[in-house]
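Subject: Structure for you to look at

Hello,

Here is the structure I said I would pass on. Please open it first; my notes on what was found follow below.

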Amino acid sequence: MFEFLFQYPARIFAKGEFVFQSGLPVWILIAAIVLAAAGLLLLNVRSSGVGRVSRGRRVAIWALQTAMVSLLLVMLWQPGLRVSSLKPQQNVVAVLIDDSKSMAYQEDGKSRTDAARETLTAGLLDKLSDKFQVRLYSTGSGVSRIANVTQLTSAQPSTQLATSLKEAISEAATLPVGAIVLLSDGADNAGGIDLESMSDIRRQRIPIHTIGFGKEKFAKDAELTNVDLPARALNGARLAAQVTFRQRGYEKQKARLVVRSEGKVLASREVTLKNDDGTQTESVLFSPGTPGPRTIEFAVEGLAAEENQNNNGVRRLVTVESKKPRILYLEGEPRWDFKFLRRAIDDDASIELVSLLRTTQNRIYRQGVAGPKELENGFPGTPEELFAFQGLIIGGVEASYFTPAQQESIRLFADRRGGGVLFLGGRTGLADGGYNASQLAEILPVSLPDRKNTFKREPATIEVPQSGRESVLTRLDDSPARNAEKWKALPYLANYQEVGAAKPGALVLLDAIPTSKGRFPLLATQNFGRGRVGVFASGGTWRWRMLLDQRDTTHATFWQQLLRWQVGGTPDQVSASTPNQVLSDRKDVSLRADVRDKKYNPVSDAIVEARILAPDGSSTTVPLPLDPLAEGVYAFDWTADKPGSYLVEVSARRGQTDLGKDVFNFRREDGVAENFGIEQNRDLLTKLSEETGGTYYQPSNALKLAEEISFSEAGLTVRETRDLWSMPVIFFLLLALCAAEWLLRRRWGVV
Amino acid sequence: MRIRRLVAASAAAASLASVLFAFQFGRRGRFAEEDVPVPPDADEKTEWVFGRLRYSSFRGGSGSWGVRGSWSTDYPKAERQFVQGVRRLTRLHTRSMEQVVDLDSDEIFNWPWIYGVEVGHWDLSDAQAAKLREYLLRGGFLMVDDFHGSIEWEIFTASLSRVFPDRPVTDLTERDHIFHVLYDIDQKVQVPGIVMFYTGRTFEQDGVEPRWSAVTDDKGRVMVAICHNMDLGDSWEHADEPRYPEQYTSLGYRIGINYILYAMTH
C-alpha cells in the first residue's frame, strides 16, 4: 500500500534527501503560498454567496482552498528525493547462507536450508543477478565460497556470525561490495555479536540485509542452558551442580534432572517446572567417582512431545583428584567433638586430619603426623610450615595462645595461601577466647560480641535458614524439604556459642535455636582473599553420634562435607586451569597458571611450561609467558586441533628450584553447540541489519530485497533524484481537497 | 488371729529391714556415700563426667536394683577423688560429681565414658547387652576394673559375649596408644586393692597376673578397656590413705587419665 501511494519503498524515504528541482528559491514558494492564502481570504470575504454562512464555515472553506493551492505551488517547485543507488552490473552483492547444523532442523516438513534454497531460487537470486554480480558463500564459524545453493550441506558445527561477516568483508575488500545478504536462523553459538565486532562491521558501511529462517518460538521445548560445577573434586567428595534451564509449554509439570557418567546414573532428582520462558536453576548433588578425569552428563528428562530433544543435556569435565589434602586441627582441651570429628574424617578417604590437642598445660598430643618430627614444637611457627596444610581448624584455643606472628600467618593462610580456616565454638573459643579483640576477628564471617560467657552448655536445636538450603555443606538429603526436616529432627546440640550477625558477604548456613531463648548463627562461611573462612559455633555435635543409631551417617556426612569445602578449593604453589574445560565446537583454549613460592607470594620470574597430551597420544610442550596484567600469572592461548580429551601438565621452576606442577584436563567436542538455541534469533538479525543500514526480511517478503538493495552507499553508487510530484498520493490529496470543498458548499448551500 | 497378724507384720518388717540393709552395704561393707560430701560444684555442666555403670548383679538376680550389687564398690569416693586428679593434671573440663547410669534407659547415651567395677559379678540381660553394644558401637567407652581370678573372668565374659558375640578380647601391648596418650606407661605393675593390707598380697583369688586387655572396634580402637586382676578403683579411693603405696595410686591415676583421654581422642 505504501509503495502504491508513495511510488517508492519507505526505505528510500528513510535514506533519501528531500530536494526541490525547479531551481527557484524556496522563499518565493513560501511568499507565493502566503499571497495565495491572502487572495483567497479576500475573495471569500467579498463573495456574496459565501457571505451568507457563518465565519467558522468560511474559514473552513478558505483553509481547504489554501491547502489545495499550496499543494499545487509545491508541485511547481518540483519536489524530489535524492538517493544513492548502486550502479547496475558494477557492484557485488555477497550472499551468505548459514550452513550450520541448526539449519538442518526440520520445520513443516522441510529444513531451514531447504527454505533458504527455495527463497533464493524462487526469483531472488535471479533478480539480484540482473543488477549485480552475486557471490554465494556458505557460512558457519567462517565463510567459504560456493558456486550454487546445491552445495549447502547444513554440516558446519557452529555459527559465529561476527567472525563470518568479518571474513566475508575481508575477502571482498578489493571488490565493490554494495551489500551483504545473510540468510540465517541467527542461532549464533558465540552468544551474539559483541559491540566491538558490531562496530567493526558498521565501520565498513556495507548494509547487511538479513532473511530469517525458523520458528521464533517453539511451542514445547526445554533447554539446558548452563551447569555450574567445580572443575576439581576430592576423591569421594559430593559435588553440588547448579543446573540452569528454561522451558516453554511445560509450566507446573514435573521433569527429572539426571546426572550420568559413563552411562551410569549418579543422581536423579524430580523438579517442578516454573513459568514458561522463565529461567530456572536447580541444584543436584552427586559423587563424581574415582580419581581421574570424569565426563559428567547433565540432562532434563521426562518431557513429552518436545520439539527439540537435542538441547536437553550438556557435558562437563571434573577432575577427581587422588591427592589427600591435609587439615591441621588445633584443639585447646579434650572434647568429645574432637574424637567424633576425627572418626568422621577417618572414614573419609579424601582428607587427612592432623591434630594437635592440648591435653595438659604442658603437653600436646599429636595425631596423624607424618613423622616424629612433624609439629614436634606444636602449632607451626612459620608461614611455610603452616602453608604446607590445605585447611586449618581452630578449636577451643584462646586467641592469646598464638603469637602475633602466628595470628598473621593464620590470616595469610586464608588470604594469600587460599586455604580454608574453620573456627569452632568452645569454652575458650571465639568471643570467650578473645578472638573479638584479636587480629583474627577480621577474617571471621561473623562479628563477635564484646563479652565473655558466650559459650553455653545448654541444648540447642538446629534450623536451616533460606541461605543454607542450597548449600552442599548442609545437605543431608537431596530433597530440600526433607533436608530441612532432618536438621530439625536431629538430637539437640550439647552446647552452642553466641556469636553476632553475619558480616556482609558471609552466608549463614545453619542457625542454633537454644531451648532457652534466641537464635544465633551456628554455621557461617565467607570467602576471604583467595581462601575460605567458616565458623561452627558449637562443640556439641557428638550427641548426633551417641543419640542416633550406630549406622546413622549424619554426623560423618556433615563434617566430611564441611571439611571438604574447607580444602576443596585450596590451590597448590602451581595452580593451572582453563576457563572452559569443555570446548563445544571451538578450538581455542586458554591455558593459565598461577605460580607462587613457598610463602605463596606471586612469582614473576619463573619458567612455566605446559605439556599437552592430545587425544591421539602425541604431546606438545608450550611455554607459558607471564601475563603482564596479573602478578604471578602465566597464560597462553593454544589451539586444540583434534576433538577429544586433552591432558595438560603445567610445571614451573625458578632457577634450579622446582616450584611444583599441576594437571588438568579439557575436552573438545564437535557437533554440540548447534543443538542449542536453535529458535530463530530474530532480535539478533534485526539488530544486525538495523545497525548496518540494512533491513530484516522474512522469506515471504524476501523478493522486495531485490528492489531495496539498490539503495546503498557502499560499493559503486550513483546519486539520482526521484520525482515526487507523480506520487499517486498527491493526486488523491488534491482530489480529496476539491471534493471536500464541493461537498461542504453543497451542504451549506453556497454552491 | 492376733498372733498370725503379729507374725505377718514381723515378717514384713524383717523383709523391709533386710532390703534396706542390703541396699546400704556392699560386698565390702557399708556404702560410704553419706561420708563423702556432695561437692559445691556438683551441678556444673562440663565436657566430661565420670559415668558409673549400674548393672544387675550376678548374685542379685538380673534386672533388679533392689538388692545392692557390686556396681557401687568404692562409690562415690573413688571417682570423686579421681576426678580431682583429672582436673588438676589435665585440661579436661571435668565435673566433680559422678553420674550413675544404667542400661535400662537411653540416658546412658548422654555419657560417652563409663566405668564398671566388679564386673566379675555382673549379669547383663540380652536387652542390656544389646544396649551396651549399641552404646559402644556409637562411640561410647567402657572401662572395667576390680575383678579377679578365673571365676570372675568367666562371669565377666559370659555377659560380655552377649554384648559382642563376634568380638574377641585381645591383650593390650605396651605399644598401644592407650598407654601413651598422655603418660607413657611402659612399666605396668599390678595395682592392688586394700585387701593387700590384710593379706599382704597384691592379688586376689587366683588372679596373680594383671591383665590389660580390650575389645576393639573394626578399626582397632578400644571400646572396652579391661583391667583384670587389679583394683584401680581402690588406688583412687585410697589415695589419701597413708598406708596405701603412692606408686599404685600414681599408676592408677595415670592409667585412668590415659583411658579417658584415649576415649576422647580415638
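**The nonpolar cores**

In the largest nonpolar core, which has 183 residues, Ile327(A) and Val421(A) touch the most other members. The largest share of this core comes from α7(B), with 10 residues. There is also a second, separate core of 42 residues, and Leu124(A), Leu684(A), Tyr696(A) and Ala702(A) are among its members. Please keep in mind throughout that this is a predicted model.

**Around Ile327(A)**

Which residues does Ile327(A) touch, leaving aside those up to four places away in sequence? Among them are Ile351(A), Leu353(A), Val354(A) and Phe389(A), and the list also includes Gly391(A), Leu392(A) and Ile393(A). Leu563(A), Gln566(A) and Val567(A) are on the list too.

β21(A) has a parallel partner in strand β18 of chain A (residues 326–331), to which 4 bridges join it. Here Ile327(A) stands opposite Gly391(A). Strand β22 of chain A (residues 420–424) also runs parallel to β21(A), again with 4 bridges. Ile394(A) has Phe423(A) in β22(A) as its bridge partner.

Leu563(A), Gln566(A) and Val567(A) are among the buried residues of α13(A). That helix covers residues 554–568 of chain A; its 15 residues should span 21 Å at 1.5 Å a residue, and the end C-alpha atoms are 20 Å apart, which agrees. Most of α13(A) is covered, with 12 of its 15 residues buried. The buried ones also include His555(A), Phe558(A), Trp559(A) and Trp565(A).

**Strand β9 and its partners in chain B**

Strand β9 of chain B, residues 222–228, is largely enclosed by the rest of the structure, because 7 of its 7 residues are buried. Strand β6 of chain B (residues 141–147) pairs with β9(B) in the parallel sense over 4 bridges, and Phe147(B) stands opposite His228(B). Strand β8 of chain B (residues 211–216) runs antiparallel to β9(B) and is joined to it by 6 bridges. In this pair Trp212(B) stands opposite Cys227(B). β8(B) and β9(B) make a hairpin with 5 residues between them, and Gly220(B) in the turn has a positive phi of about 80 degrees.

**Helix α2 of chain B**

Helix α2 of chain B takes in residues 77–89, 13 residues in total, and reaches 18 Å from first C-alpha to last, close to the 18 Å expected. Its buried residues are Ala78(B), Glu79(B), Arg80(B), Phe82(B), Val83(B) and Val86(B). What do they pack against? They pack against β3 (51–54), α6 (232–237) and α7 (246–263) of chain B.

**Backbone details**

Most residues other than glycine have a negative phi, and most peptide bonds are trans. A few places depart from this.

- Tyr75(B) and Pro76(B) are joined by a cis peptide bond, with omega about -5 degrees. Pro76(B) is in the loop between β3 and α2 of chain B.
- Asp585(A) is not a glycine but has a positive phi of about 55 degrees. It lies in the loop between β30 (582–584) and β31 (588–595) of chain A. Asp585(A) counts as buried because it has 22 C-beta neighbours inside 10 Å.
- Gln205(B), also not a glycine, has a positive phi near 50 degrees. Its place is the loop between α5 (195–199) and β8 of chain B. With 14 C-beta neighbours inside 10 Å, Gln205(B) counts as partly exposed.

**The interface**

Between the chains, 21 residues of chain B are in contact with 24 residues of chain A. On the side of chain B that touches chain A, the largest share, 3 residues, comes from helix α3 (residues 126–138). By class, that side has 9 nonpolar, 6 polar and 6 charged residues.

**Confidence**

The predictor gives the complex an ipTM of 0.88 and a pTM of 0.76. Chain B has an average pLDDT of 87, and 83% of the residues score at least 70. Over residues 6–31 of chain B pLDDT stays under 50, and it also stays under 50 over residues 60–69 of chain B. Where pLDDT is low, the predicted coordinates should not be read in detail.

Regards

Key:
Residues are numbered from 1 along each chain as its sequence is written. Chains are lettered from A and ligands numbered from 1 in the order in which they are written. This is a predicted model: local features need pLDDT of at least 70, side-chain atom pairs count only at pLDDT 80 or more; totals for chains, interfaces and linings use all residues. Helices (H or I, at least four residues) and strands (E, at least two) are DSSP runs, numbered from the N terminus. The expected span of a helix is 1.5 Å times one less than its number of residues. A residue is buried if 20 or more other C-beta atoms lie within 10 Å of its own, exposed if 12 or fewer, and partly exposed in between; C-beta atoms are placed from the backbone. Two residues are in contact if their C-beta atoms, placed from the backbone, lie within 7 Å. pLDDT is the predictor's confidence in each residue, from 0 to 100. Ala, Val, Leu, Ile, Met, Phe, Trp, Tyr, Cys and Pro count as nonpolar, Asp, Glu, Lys and Arg as charged, and the others, Gly among them, as polar. Two strands pair if DSSP finds at least two bridges between them. A nonpolar core is a set of buried Ala, Val, Leu, Ile, Met, Phe, Trp, Tyr and Cys residues joined through C-beta atoms within 7 Å.
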